[in-house]
Amino acid sequence: MMYPAGPGSGDSPEGFPEQPRLQPQISNRTTQTLDAFFTCRKNALLAKSSSTQVEGDFAMAPRGPDQEECEGLLQQWREEGSSQVLSTSSEGPLVDKGLAQSSLALLMENPGEQDAASEDKWSSRQLSDLRAAENLEEPFPEVLGEEPLPEVQGPMWAAVPMQTGPQYTDCALLPMGALAAEQWEEDPAMVAWSIAPEPVPQEEAPIWPFENLGQLQPPPMEIPYHEILWREWEDFSTQPDAQGLEAGDGPQFQFTLMSYNILAQDLMQQSSELYLHCHPDILNWNYRFANLMQEFQHWDPDILCLQEVQEDHYWEQLEPSLRMMGFTCFYKRRTGCKTDGCAVCYKPTRFRLLCASPVEYFRPGLELLNRDNVGLVLLLQPLVPEGLGQVSVAPLCVANTHVLYNPRRGDVKLAQMAILLAEVDKVARLSDGSHCPIILCGDLNSVPDSPLYNFIRDGELQYHGMPAWKVSGQEDFSHQLYQRKLQAPLWPSSLGITDCCQYLTSCHPKRAERLKYSRDFLLQFRFCDIACQRPVGLVLLEGVTDTKPERPAGWAESVLEEDTLEPEPVFPRTVGTIQHCLHLTSVYTHFLPQHGRPEVTTMPLGLGTTVDYIFFSAESCENGNRTDRRLYQDGTLKLLGRLSLLSEEILWAANGLPNPFCSSDHLCLLASFGMEVTAP
């Protein structure tokens with residue numbers, strides 16, 4: 001199929017005959033006509049055609065010519081001695097009368113100048129000859145007269161090969177309503193602002209009449225990020241548990257909890273090499289803050305546990321905004337010079353605070369605990385609606401933490417986790433020695449089925465001789481010659497925490513009553529050896545400090561102090577084993593059966609992994625002759641649902657994390673729980 005030669009095309013390409021030239025009469029109306037022609041040249045849509053006669057690089061430009069550019073092109077046209085306004089083809093037939101109508105309409109259309117477009121004139125001889133040519137399938141006639149051009153409805157797009165030289169190749173004009181079949185292969189930035197065609201009813205869709213000319217396809221709309229990153233809500237409220245009992249029998253206090261590492265801006269800027277795949281605009285804090293708040297508002301959790309919360313952003317933006325959303329917030333900044341920390345927020349309409357315990361893992365003088373990570377433990381009392389009458393709900397212990405990242409220092413991770421578990425044990429312990437329901441969440445910087453993960457879930461870990469890098473399972477350093485190995489005991493007794501992850505004060509009952517000291521008992525120390533020694537640096541005053549007290553006859557030189565001093569607590573230390581008795585299990589299974597892929601919560605350097613967790617209290621089930629906490633039954637705390645995670649492939653399709661839709665390098669975790677409501 002051949003295209004009619006455009007004006008000023010110079011040497012015709014193969015198959016395009018050289019056209020005779022006429023000397024035009026340059027007038028105001030002719031100038032308007034040329035303006036319309038230049039508008040057509042400017043308003044070209046980048047397109048792909050299967051025709052072999054259209055070659056070159058395509059360009060896309062907004063409609064409406066630049067006045068100076070039009071004058072420059074007109075002057076160039078004059079200098080070349082062009083002798084016609086529109087070239088005519090004496091040999092090649094018109095491709096179709098619809099093509100001719102579209103070509104003429106687009107040449108005269110100028111949406112940028114609506115008032116001037118109605119005054120454009122054209123040759124009456126040309127219009128009459130053009131109509132005849134449409135019926136007789138003859139070439140374009142010469143332009144001699146002028147006649148008003150009828151208005152043409154609907155936007156038209158032109159596919160124009162752009163060249164750097166003074167010559168222009170021919171312009172193929174296709175009606176937009178007929179575009180339907182061929183896929184575009186364009187830059188997403190151009191596709192994003194392309195005009196989408198109006199839908200055409202099936203019965204009115206025109207038939208494509210050109211056999212050898214490819215049909216243009218409108219640019220496909222990009223799949224929105226929220227569709228790529230669509231996460232299903234998995235409802236367990238009606239599913240039977242391990243014992244075959246349906247959850248939700250009887251009244252329950254239901255609530256939702258979210259755990260989210262929101263990526264501190266300072267940490268992101270310090271590790272900018274991890275975010276080279278992101279456009280700078282989506283890394284801007286104001287953009288990210290708006291996205292995060294929208295995410296909080298959308299899921300509307302009752303308890304919100306955040307990690308990597310930058311301190312100035314918390315006090316200036318996050319805390320005021322969350323307070324307006326109905327949250328009461330607690331924040332603990334990391335120790336030392338760190339600028340981020342952890343936050344736990346809850347809705348006072350659903351819970352009442354019983355106590356809040358910030359946890360610092362830094363211990364001066366201990367090389368094992370010289371890092372600045374922190375945690376936060378809250379004890380909350382659920383508020384039962386008045387409609388349920390005189391009922392009660394057990395307190396809820398919520399712990400949030402961000403453990404050390406360093407993959408080589410698994411010993412530090414275990415020690416930090418032991419401190420957190422000891423604090424949870426103290427806060428959640430009831431008067432009868434049992435524990436209230438517990439939820440432990442956060443960024444643990446450990447992968448599923450790693451020794452640290454198994455320790456939290458199974459309640460026991462034999463660590464002696466284990467390589468330190470193996471504790472978290474983040475990276476494999478087995479190829480290195482020197483490997484730090486864990487030795488027993490893992491932490492010194494001076495830390496005050498047993499191998500069962502309990503504080504020493506929790507292991508020994510307090511004395512029934514205080515020891516009362518009488519006056520006679522205190523007088524025993526008046527002339528003891530220590531009391532008769534002259535203090536170092538004592539100022540010598542005559543008659544005051546210059547004499548040594550004389551011990552009366554029969555006065556004992558020393559006093560037995562066994563009754564006055566509390567015995568040093570002694571607790572057994574297991575050899576290379578640590579334990580805890582909190583009975584925790586994970587909300588997530590860390591595998592997507594419908595995709596056959598592991599779950600992913602973050603993608604550092606494009607590698608998907610899981611390091612964020614929500615653990616909750618559950619009763620372990622007997623499996624044969626051994627206890628396996630992978631099988632559990634609902635206790636006081638029941639898992640009612642969770643927000644599904646995504647696979648690495650899905651996150652790759654969204655250009656990883658962060659992206660325009662998810663403004664952190666972690667995915668949020670969300671779960672719904674129910675607590676038994678009992679009568680007093």
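Helices are DSSP runs of H or I with at least four residues, and strands are runs of E with at least two, both numbered from the N terminus. In this predicted model, Gln 416 is found in helix 11, which covers residues 410-428. The protein as a whole comes to 16 helices and 25 strands. Buried residues make up 46% of its 680 residues.

**Confidence**

- The average pLDDT of the protein is 74, and 59% of the residues score at least 70.
- Residues 36-65 have a pLDDT below 50, and this stretch has 93 contacts in the model beyond near neighbours in sequence.
- The pLDDT is also below 50 over residues 136-146, a stretch with 37 contacts beyond near neighbours in sequence.
- Where pLDDT is low, the predicted coordinates should not be read in detail.

**Overall packing**

- The accessible surface of the protein comes to about 35900 Å². Carbon and sulfur atoms account for 52% of that surface.
- Of the contacts between residues at least 6 apart in sequence, 73% join residues at least 24 apart.

**Nonpolar cores**

- In soluble globular proteins, nonpolar side chains tend to be buried together.
- The largest nonpolar core contains 61 residues. Phe 255, Phe 296, Ile 303 and Phe 673 have the most contacts inside this core.
- Another core, apart from the largest one, has 47 residues, including Tyr 361, Leu 368, Ile 497 and Leu 584.

**Surroundings of Gln 416**

- Gln 416 has a relative accessible area of 1% and is therefore buried, the cut-off being under 20%.
- Its contacts, leaving aside neighbours within four places in sequence, are Tyr 361, Leu 369, Arg 371, Asn 373, Val 403 and Leu 404.
- Gln 416 and Leu 404 are twelve residues apart along the chain, and their C-alpha atoms are separated by 8.2 Å.

- Six strands form an open sheet with mixed pairing, in the order 12-13-14-15-21-18.
- Strand 12 (351-360) and strand 18 (584-586) are at the edges and have a single partner strand each, so one side of each is left without a neighbour in the sheet.
- From one strand to the next, the twist averages 20°.
- Strand 13 (residues 374-382) and strand 14 (residues 396-402) run antiparallel and are joined by six bridges. Val 377 stands opposite Ala 399 of strand 14.
- Helix 12 (residues 451-458) lies across strand 18 and strand 21 (612-617), and runs at about 125° to strand 18.
- Seven of the eight residues of helix 12 are buried, leaving the helix mostly covered. The buried residues are Pro 451, Leu 452, Tyr 453, Asn 454, Phe 455, Ile 456 and Arg 457.
- Gly 459 follows helix 12 and has a positive phi, near 85°.

**Strand 24 and its partners**

- All seven residues of strand 24 (residues 637-643) are buried, so this strand is largely enclosed by the rest of the structure.
- Strand 7 (residues 233-235) runs antiparallel to strand 24, and three bridges join the two. Asp 235 stands opposite Gly 641 in strand 24.
- Strand 24 also runs antiparallel to strand 25 (residues 669-676), with five bridges between them. In this pair, Leu 637 stands opposite Met 675 of strand 25.

**Backbone features in loops**

- Most residues other than glycine have a negative phi, and most peptide bonds are trans.
- The peptide bond between Ala 488 and Pro 489 is cis, with omega about -5°. Pro 489 lies in the loop between strand 16 (460-462) and helix 13 (504-507).
- A cis peptide bond also joins Leu 657 to Pro 658, with omega near -5°. Pro 658 lies in the loop between helix 16 (648-653) and strand 25.
- His 583 is a residue other than glycine with a positive phi, near 55°. It is found in the loop between strand 17 (577-579) and strand 18. With a relative accessible area of 33%, His 583 is partly exposed.
- Leu 605, not a glycine either, has a positive phi of about 55°. Its place is in the loop between strand 20 (597-598) and strand 21. Leu 605 is exposed, with a relative accessible area of 63%.

Conventions: Residues are numbered from 1 along each chain as its sequence is written. This is a predicted model: local features need pLDDT of at least 70, side-chain atom pairs count only at pLDDT 80 or more; totals for chains, interfaces and linings use all residues. Side-chain values use heavy atoms; hydrogens and water are left out. A nonpolar core is a set of buried Ala, Val, Leu, Ile, Met, Phe, Trp, Tyr and Cys residues joined through side-chain atoms within 4.5 Å. Buried means under 20% relative accessible area, exposed over 50%, partly exposed in between (1.4 Å probe, protein chains only). Two strands pair if DSSP finds at least two bridges between them. Axes are lines fitted to C-alpha atoms, for helices over the stretch in contact, and angles run from 0 to 180 degrees between N-to-C directions. Contact means heavy atoms within 4.5 Å. Accessible areas come from the Shrake-Rupley method with a 1.4 Å probe; for residues, only the protein chains shown count as cover. pLDDT is the predictor's confidence in each residue, from 0 to 100.
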